Amino acid sequence: MERYEYMMDTSTESIVVYYSRTGSTKQAAGIIAGKLGCERVEIINRDRRKGVIGFLKSGFEAAGKKIVPIDPIQQDLSQYKRVILCTPIWASNMSSPARSFLYAYKEKIQNLCCLATCMDPKEDGKHLLDDLIELGFKVETFAVAPKDRQLSSAERFAEQIKLLE
């Protein structure tokens with residue numbers, strides 16, 4: 001058993017799980033998964049979130065810390081040393097699909113890293129980080145990636161995670 005663990009491919013060390021309403025967070029998640037050589041899995045919420053009404057609905061749900069229905073994740077998250085969550089910040093909070101994912105899979109997540117994408121360059125993500133800690137997660141690393149620096153922030157974030165391995 002020890003020999004197998006020693007020879008384990010690093011792709012089983014981490015998994016990137018993301019939610020993206022517009023595609024920006026998906027792109028950041030792809031950069032992280034590519035840099036780490038690990039799997040990327042999308043959180044799927046089938047609620048309509050397009051346009052102004054979808055934007056307002058999403059912000060309202062996030063501010064209210066609402067749990068929404070999501071499709072099940074097929075991967076057994078307990079088999080990964082760390083889950084890397086990529087989520088947009090809506091109304092200074094994590095997206096409702098990401099929150100729903102954390103509630104659904106909390107018991108299976110050993111260690112959590114989180115990259116939060118946002119439109120506001122002044123957003124510090126404090127509410128989101130406080131939520132993660134309040135929910136009882138061991139947060140190994142956390143970063144906020146403003147819209148104008150999302151790709152470079154995702155690359156730096158992946159480098160931080162490599163240092164944890």
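Which residues form a nonpolar patch on the surface?

**View 1. The nonpolar surface patch of the predicted model.** Val52, Phe55 and Leu56 form this patch, and together they have about 350 Å² of accessible area (Shrake-Rupley method with a 1.4 Å probe, only the protein chains shown counting as cover for residues). A patch here takes residues with over 30% relative accessible area and no salt bridge, nonpolar side chains being joined within 5 Å, and a salt bridge is a side-chain nitrogen of Lys or Arg within 4 Å of a carboxyl oxygen of Asp or Glu. Valine 52 is found in helix 3, a DSSP run of H or I with at least four residues, whereas a strand is a run of E with at least two.

**View 2. The largest pocket.** Its volume is about 390 Å³, taken as the space filled by probe spheres set on the grid points. A pocket is an open set of points on a 1 Å grid where a 1.4 Å probe fits, with protein on both sides within 12 Å along at least five of seven lines, and lining residues have an atom within 4 Å of a point. Among the 20 lining residues, Phe55, Pro88, Ile89, Trp90 and Met119 lie nearest the centre.

**View 3. The second largest pocket.** This pocket has a volume of about 190 Å³, and its 13 lining residues include Tyr19, Ser20, Arg21, Asn45 and Lys50, which lie nearest its centre.

**Notes.** Residues are numbered from 1 along each chain as its sequence is written, and side-chain values use heavy atoms, with hydrogens and water left out. In this predicted model, local features need pLDDT of at least 70 and side-chain atom pairs count only at pLDDT 80 or more, while totals for chains, interfaces and linings use all residues.

Notes: Patch = residues over 30% accessible without salt bridge, like charges linked within 9 Å, V, L, I, M, F, W, Y side chains within 5 Å.
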